[in-house]
Amino acid sequence: LALESELRRALDEEEQLVPYFQPFVDAQSGALVGFESLVRWRHPERGLISPAVFLPMAEESGLVTRLDRYMIDRACRQLVAWRAEGRRIDQLSLHLNLSSANFHDPGLVDWLTELVTQYALPPDTLHLEITESALIDVPDIAVTVMQALTRLGIRLALDDFGTGYSALSYLHRYHFDVLKIDQAFVAEVDRKEESEAIVRAILALAAALGLDVVAEGVETAAQMHKLREMGCAKLQGFYFAAPAPADAIDWGRLVCE
Ligand code: G
Ligand code: G
Ligand code: NA
Ligand code: MN
């Protein structure tokens with residue numbers, strides 16, 4: 001309960017909740033194509049807290065909708081700051097994680113409409129990452145909200161693809177623009193035939209459905225080469241960069257076209 005009231009306070013006033021940014025790159029050219037924003041809590045006494053520790057509490061307490069809006073706003077503001085510094089952000093995608101509770105938030109679509117207008121961001125810059133498990137609770141509301149988001153021009157990404165119970169039925173029921181191949185399949189893609197076969201199948205499925213693909217959790221050059229050779233368009237993982245605060249991004253290492 002202490003942590004809950006502290007999160008409440010962090011959302012109200014202080015600059016404790018910060019977006020860390022993890023790049024993803026074009027598999028062929030290595031060029032930077034976007035960032036995923038991942039929340040970190042810089043707690044004044046406890047130090048840096050990972051979302052694994054406080055997201056369950058945020059979801060149970062209902063604070064997660066405020067947290068998600070807070071993080072979307074923070075990350076967009078950072079993008080605008082980069083633009084003001086002359087970085088070419090207009091080609092980049094910004095991926096943001098969204099908990100299922102947001103589908104019950106009736107103001108979400110209007111809020112996002114206002115946000116992209118206020119920051120003069122093309123709506124298709126924003127990609128909302130949703131996991132299959134997030135859709136289990138809210139099957140019908142999610143359809144309506146996702147349709148409204150798509151009309152607005154915001155992109156939807158299905159996160160951790162392949163790990164849920166009925167991945168294909170989600171693709172059938174909902175409109176997605178991007179599949180993120182779960183890191184479990186990437187981990188052994190260059191060493192295990194089953195992993196390779198699964199990744200190939202996901203790539204074929206994505207191509208047939210006209211979806212963009214990002215492979216997550218790329219940690220080695222061997223995985224990178226394998227995924228590139230298999231035709232996976234975009235890659236993300238520690239091999240390229242770990243999530244980092246805005247002021248620690250090593251732009252020199254990221255090819256920006
Ligand atoms: O960065 P990793 O480091 O520890 O992230 C752990 C989990 O936290 C991931 O599954 C990610 O989807 C989730 N997560 C990170 N940032 C956010 C956020 O701003 N909102 C929500 N709802 N989930 C987030
Ligand atoms: O659930 P989601 O896919 O949003 O969260 C991604 C999680 O994976 C985050 O906790 C992020 O910090 C972590 N991550 C990002 N790149 C890598 C990687 O290359 N290897 C591993 N093991 N984890 C990664
Ligand atoms: Na994600
Ligand atoms: Mn994921």
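**Close-up views of a predicted model**

**Figure 1. Surroundings of ligand 2.** The shell around ligand 2 consists of four nonpolar, five polar and five charged residues. The model shown here, as in every view, is predicted. Ligand 2 is surrounded by 14 residues, and the closest are Gly-217, Glu-219, Gly-237, Phe-238 and Pro-243. Ala-242 itself belongs to the loop between strand 9 (234-236) and strand 10 (244-245). Ala-242 counts as exposed because it has 12 C-beta neighbours inside 10 Å, and a residue with 12 or fewer is classed as exposed.

**Figure 2. Surroundings of ligand 1.** Around ligand 1 there are 13 residues, of which Leu-38, Pro-51, Met-71, Asn-97 and Ser-99 are the closest. Strand 2, helix 2 and helix 3 are the elements that give two or more residues to this shell. By class, the shell around ligand 1 contains nine nonpolar, three polar and one charged residues.

**Figure 3. The largest nonpolar core and the contacts of Leu-179.** This core has 66 residues, and the members that touch the most others are Leu-179, Ile-181, Ala-215 and Leu-235. Helix 3 (residues 64-84) supplies the largest share of the core, with seven residues. Apart from neighbours within four places in sequence, Leu-179 is in contact with Leu-158, Phe-161, Ile-202, Ala-206, Leu-211 and Val-213.

**Figure 4. Contacts of Cys-232.** Cys-232 is located in the loop between helix 10 (221-230) and strand 9. With 24 C-beta neighbours inside 10 Å, Cys-232 counts as buried, because the threshold for burial is 20 or more. When residues up to four places away in sequence are not counted, Cys-232 touches Ala-27, Leu-203, Val-213, Ala-215 and Leu-227. Among these partners, Val-213 is also in contact with Leu-179, and Ala-215 is one of the core residues that touch the most other members. The C-alpha atoms of Cys-232 and Val-214 are separated by 7.1 Å, with the two residues 18 residues apart along the chain.

Figure 5. Gly-86, which follows helix 3, has a positive phi near 95 degrees.

**Figure 6. Helix 6 and its buried side.** Helix 6 (residues 139-152) has 14 residues, which should span 20 Å at 1.5 Å a residue; its end C-alpha atoms are 20 Å apart, in agreement with that expectation. The buried residues of helix 6 are Ala-142, Val-145, Met-146 and Leu-149. An arc of only 105 degrees around the axis covers them, which means that they are on the same side of helix 6. These buried residues pack against helix 4, strand 5, helix 5 (132-136) and strand 6. The exposed residues Asp-140, Thr-144 and Arg-151 are carried by the face of helix 6 turned away from its buried side. Helix 6 is followed by Gly-153, with a positive phi near 105 degrees.

Figure 7. Ala-120 is not a glycine, yet its phi is positive, about 50 degrees. Ala-120 lies in the loop between helix 4 and strand 5 (126-131). Having 8 other C-beta atoms within 10 Å, Ala-120 is exposed. Asp-160 is likewise not a glycine and has a positive phi, of about 55 degrees. Asp-160 is found in strand 6 (residues 155-161). Asp-160 counts as buried with 20 C-beta neighbours inside 10 Å, because burial requires 20 or more.

Technical notes:
Residues numbered from 1 in each chain as written. Chains lettered and ligands numbered in written order. Predicted model: local features only at pLDDT ≥ 70, side-chain atom pairs only at ≥ 80, totals over all residues. Near = placed C-beta within 6 Å. Nonpolar A, V, L, I, M, F, W, Y, C, P; charged D, E, K, R; others polar. Core = buried A, V, L, I, M, F, W, Y, C linked by C-beta atoms within 7 Å. Helix = DSSP H or I, 4+ residues; strand = E, 2+ residues; numbered from the N terminus. Contact = placed C-beta atoms within 7 Å. Expected span 1.5 Å × (residues − 1). Arc of directions from axis to C-beta.
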